[in-house]
Amino acid sequence: MPPPKDVVKIAIQMVGAIPQLIELQQTKPLASVLKDVCDAWSLPNAERYALQYADGRQTYITESNRRDIKNGSILRLTTSPDQEAERLYIGIQSKNVDVKTDSLKKLASLSQDITFAQEFISRNGLKQIYSIVEEGNDTGEMLAHTLKAFTELMEHDFVSWENLSTVFIKKIVSYVNMNAVDASIQQLSLSILENMVPTSRLLFELVKKEVTLDRLLTHLQATNAELQLKAMALLIALLLSATDAERRDMMDYLREKNLRQFIHKNIIHSSEPLGDEMAHYLYVLQSVSLNLCEHRMKTSMDPYSQEQRDLLQSLRQTAFESEGEVPTGSFSTERRRSLCAKEFRKLGFMNNSNPAEDLRRAPPGLLALDNMVYFSRNTPNAYSRFVLENSSREDKHECPFARSSIQLTLILCEILHIGEPCSETAQAFYPMFFGQDHFFEELFCICIQLVNKTWKEMRATQEDFDKVMQVVREQITRTLSLKPTSLELFKTRVNALNYSEILKLRQTERLHQEETLAVPVLELREKLKPELLELIRQQRLLHLCEGTLFRKISSRRRQDKLWYCRLSPNHKVLHYGDVEEGVQSPPIESLPEKIPVADMKMLLVGKECPHTKEKSSGKQNKDVLELAFSIVHDMEEYCLNFIAPTRYEFCLWTDGLNVLLGKEMTSERTQTDLDVLLSMELKLRLLDLENISIPDNPPPVPKPPSNLNFCYDFSHAEQ
C-alpha cells in the first residue's frame with residue numbers, strides 16, 4: 001500500500017552521527033519535527049537547529065517550502081538561519097583577517113538562500129558589507145567574496161538598489177576602471193552595475209558618467225570570455241535605459257570606435273563557439289541599432305520643410321540634370337513646373353505635381369526618402385540606370401522607382417522588426433549586420449535593384465505592382481532565412497532566387513497541396529494519423545529524457561543562473577537542479593530535485609502560469625509569455641515554473657508533458673511534424689501512382705454474374 005500523501009520518507013544527516021531514516025509528517029509543525037530529530041541525537045536547544053538539503057543548493061527547509069521535499073530526499077541538520085546569520089554578522093566584523101575571509105566566503109554561499117538572506121539583512125548586515133567595500137583597500141579574495149555575497153543578497157529584492165550610497169557605487173566603479181585588479185572582481189563589479197542601471201534614472205546617469213564607453217570597449221577586447229560577456233551586458237543595460245537622443249549619441253560613438261568591426265571579427269568569427277547569452281546581447285545590439293530608424297520611419301514628410309524639399313529635388317537633379325539638358329532656370333515658371341512634374345513622374349511618384357504627398361504615409365515616412373537619397377548618392381550609376389531605363393520603356397511597363405522604394409522600405413521595416421521592442425529571450429541576429437556599415441541603407445540598395453530585376457522578369461505593368469512586391473518580399477525572407485554571413489553573399493543568393501525559381505517553389509508547394517487533397521488520399525491520411533501521432537509522442541518523451549537547459553529570468557534582468565530538467569528513462573520521474581554555465585548534459589544523478597509523474601496534476605501555459613502573474617506589475621513581455629509553462633503538482637499547491645529557451649523547446653516540452661498527463665498534444669509543432677511525416681509516408685505509398693490521376697470516387701463494383709458455372713471444379717483434378 002503506498003504511503004499517505006502527507007508522509008515522505010527521508011534521511012537526515014549530521015556530522016559525526018549515524019543518519020536517521022524517518023517518515024516526515026507534513027502536517028506536523030516543523031519545530032516539533034526538529035525537536036524529535038534533536039532528541040534522537042540527544043541535542044538540547046532544538047530551536048537553534050534547522051534542516052537543509054544535503055545536495056544541490058542546500059536550501060533551508062521552512063514551513064513554506066517543506067512540501068517540496070520528496071520521498072528519498074537527504075536532509076542535513078545544521079545551525080538555524082538566524083543563528084548562522086548572527087555568527088557570520090559577527091565574523092565579518094572580526095579583526096582577524098582569516099576569520100573575516102572565511103565568514104565572507106560562507107556568507108557568499110549561504111546568501112543564495114532566501115531564508116538566510118532575510119535573517120542577515122534584518123540584522124543590518126548589508127551595512128557591514130557597504131563598510132567593507134567603502135573603507136577597504138583590499139582587491140583580493142576577501143573583496144571577491146564580499147561582492148559575491150552582496151550580489152546574492154540583492155537578488156532577493158528585499159532592499160532597493162536606490163538605497164546604495166554614492167560612495168559605495170563609486171567604489172564599485174573604481175574596480176571596473178582599475179587596470180591592476182583581479183578579473184573575477186571586475187566581473188562581479190560589472191554585474192552589480194548592470195543590475196543597478198535599469199532601476200532608476202539617477203543610477204543610470206551616475207554609472208554612465210563614471211564608466212566611460214572607452215572603458216567598456218577595453219573590457220570587451222579582453223581575452224577573458226566571462227569579462228567580455230559582463231562588459232557587453234552592462235553596455236546593453238546602458239543602451240536600453242538611455243533616452244532616444246542618448247542612445248543615438250552612444251551608438252554614434254561606438255560606430256566611431258569600430259565596435260561593429262570588432263564584434264564581427266573577434267566575437268562572431270571567434271574560434272570559440274558563441275554562447276546563448278552573447279547571442280542575445282548581439283541580437284539586442286542589432287535591434288537597438290535598427291530602431292534608430294524608427295523616428296524617421298514614423299515621421300511624415302513636411303512639404304514646408306526646405307531641407308526635405310531639397311532632398312526631394314536632389315533625386316530629380318541626380319537623375320536628369322546630368323543629361324546635359326538646358327538648365328530649368330532659363331524657362332518660365334510654368335514651363336519649369338511642367339518639366340519638374342514630368343521628371344517626377346519618370347521617377348515613379350504617384351503625385352508628380354506634388355511628390356511630397358507620396359511621402360506623407362508613415363510608416364515608412366521620411367525613411368523611404370533617406371533610402372532613395374542614399375541610393376542616388378552612393379550608387380549613382382545604378383540609380384541613373386534604374387530611372388533612365390524605366391523612362392524609356394513602353395507605357396505601363398515602367399517600374400516606378402519612388403513608389404517601389406516607399407513600399408520596399410515598409411517591407412524591410414516589417415521584416416527587420418524596426419519599431420518593435422527587444423525580446424528578453426531572442427538570440428536571432430544577422431551576422432551580416434555586423435559586417436557592414438549603414439546596414440539598412442545598403443540592404444535597401446541591393447533590394448531596390450532586385451525589384452527592378454524581378455519587375456522585368458515578370459514583364460509587369462502598373463497593375464501588377466502589388467504582385468511584384470509580394471514576390472520581392474518572398475525573395476528577401478527566403479534568403480534571410482539562410483542566414484548569409486555578408487551582404488555580398490545575400491546579394492548573390494537573392495539574385496539567384498529569380499522569379500522563375502519562386503514560381504517553381506510555389507508550384508511544388510501547390511502540387512503537393514493538391515495531391516494531398518484528393519478524397520482517397522485524405523482517407524489514407526486519416527488511417528495513417530494514429531500511427532504517426534504515436535511516433536511523435538515517443539519522440540517528445542525521448543526529448544524530455546535527454547533534457548533541456550533552462551534559464552532563470554527575473555523581472556529585473558536576464559539571469560545568468562541555469563537549471564536543467566530531464567525525464568527518467570522509465571518516464572516516471574522528472575529530475576531537475578541548478579547547473580553551472582558550460583554544462584551541456586548533466587547526468588541524472590547530479591540533479592537533486594525530483595517530481596514523480598504520478599504527482600503531476602496539470603500543465604499551465606502563458607498567462608495562466610504563476611511566475612508570469614508575479615510580474616504583472618511591470619510591462620509584460622510578449623516573448624516571455626509565449627515561452628512560459630508550469631507543472632502543477634501535489635494537490636495543486638505547488639508549481640515547477642519554466643521559461644523555455646526557444647519556441648521549439650516550448651512546443652516539445654508542453655507536448656511531452658501533455659503525453660505524460662494522458663492528454664492530447666496541442667502545440668503548433670505537433671501539427672507541423674505530423675504534416676511532414678504524413679507527406680513523406682504518402683509520397684512513399686503513392687510512388688507507383690505518379691502521373692496517374694486519382695478519382696474522387698472509387699470505381700463502381702460490377703454486378704454479380706447470373707450464374708457461377710465458370711468456376712473450376714477442383715474435385716476432378718484431385719481424382
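In which sense do strand β9 and β10 pair, and over how many bridges? In this predicted model, in which local features need pLDDT of at least 70, side-chain atom pairs count only at pLDDT 80 or more, and totals for chains, interfaces and linings use all residues, strand β9 (residues 600-605) and β10 pair in the antiparallel sense over five bridges. Residue numbers start from 1 along each chain as its sequence is written, and side-chain values use heavy atoms, with hydrogens and water left out. Helices (H or I, at least four residues) and strands (E, at least two) are DSSP runs, numbered from the N terminus, and two strands count as paired if DSSP finds at least two bridges between them.

Strand β10 (residues 628-633) also has a partner in strand β11 (residues 638-643), to which six bridges join β10 in an antiparallel arrangement. Serine 630 of β10 is a handy landmark for both pairings: leucine 604 stands opposite serine 630, and serine 630 in turn stands opposite asparagine 641 in β11. In a regular strand, side chains alternate between the two faces of the sheet. In β10, Ala628, Ser630 and Val632 point one way, while Phe629, Ile631 and His633 point the other way. Six of the six residues of β10 are buried, leaving the strand mostly covered; here buried means under 20% relative accessible area, exposed over 50%, and partly exposed in between (1.4 Å probe, protein chains only).

Turning to charged side chains, a search of the whole structure finds 34 salt bridges, each defined as a side-chain nitrogen of Lys or Arg within 4 Å of a carboxyl oxygen of Asp or Glu. One of them joins lysine 456 and glutamate 389 (3.0 Å, N to O). Lysine 456 belongs to helix α21 (residues 439-458) and glutamate 389 to helix α19 (residues 380-391), so this pair ties together parts that are 67 residues apart in sequence. Lysine 456 is partly exposed at 41% relative accessibility, and glutamate 389 is partly exposed at 25%.

Glutamate 501 is partly exposed, with a relative accessible area of 30%, as is lysine 504 at 49% relative accessibility.

Glutamate 668 and arginine 647 also form a salt bridge, their closest N and O atoms being 2.8 Å apart. This pair links distant parts of the chain, with glutamate 668 in helix α29 (residues 668-685) and arginine 647 in helix α28 (residues 647-660), 21 residues apart. Glutamate 668 counts as partly exposed at 42% relative accessibility, and arginine 647 likewise at 34%.

The C-alpha trace spans about 110 × 105 × 40 Å along its principal axes. The chain has a radius of gyration of 34 Å, whereas a compact globule of 719 residues would have one near 27 Å; the radius is taken over C-alpha atoms, and the globule rule is 2.2 Å times the number of residues to the power 0.38. Buried residues make up 48% of the 719 residues.
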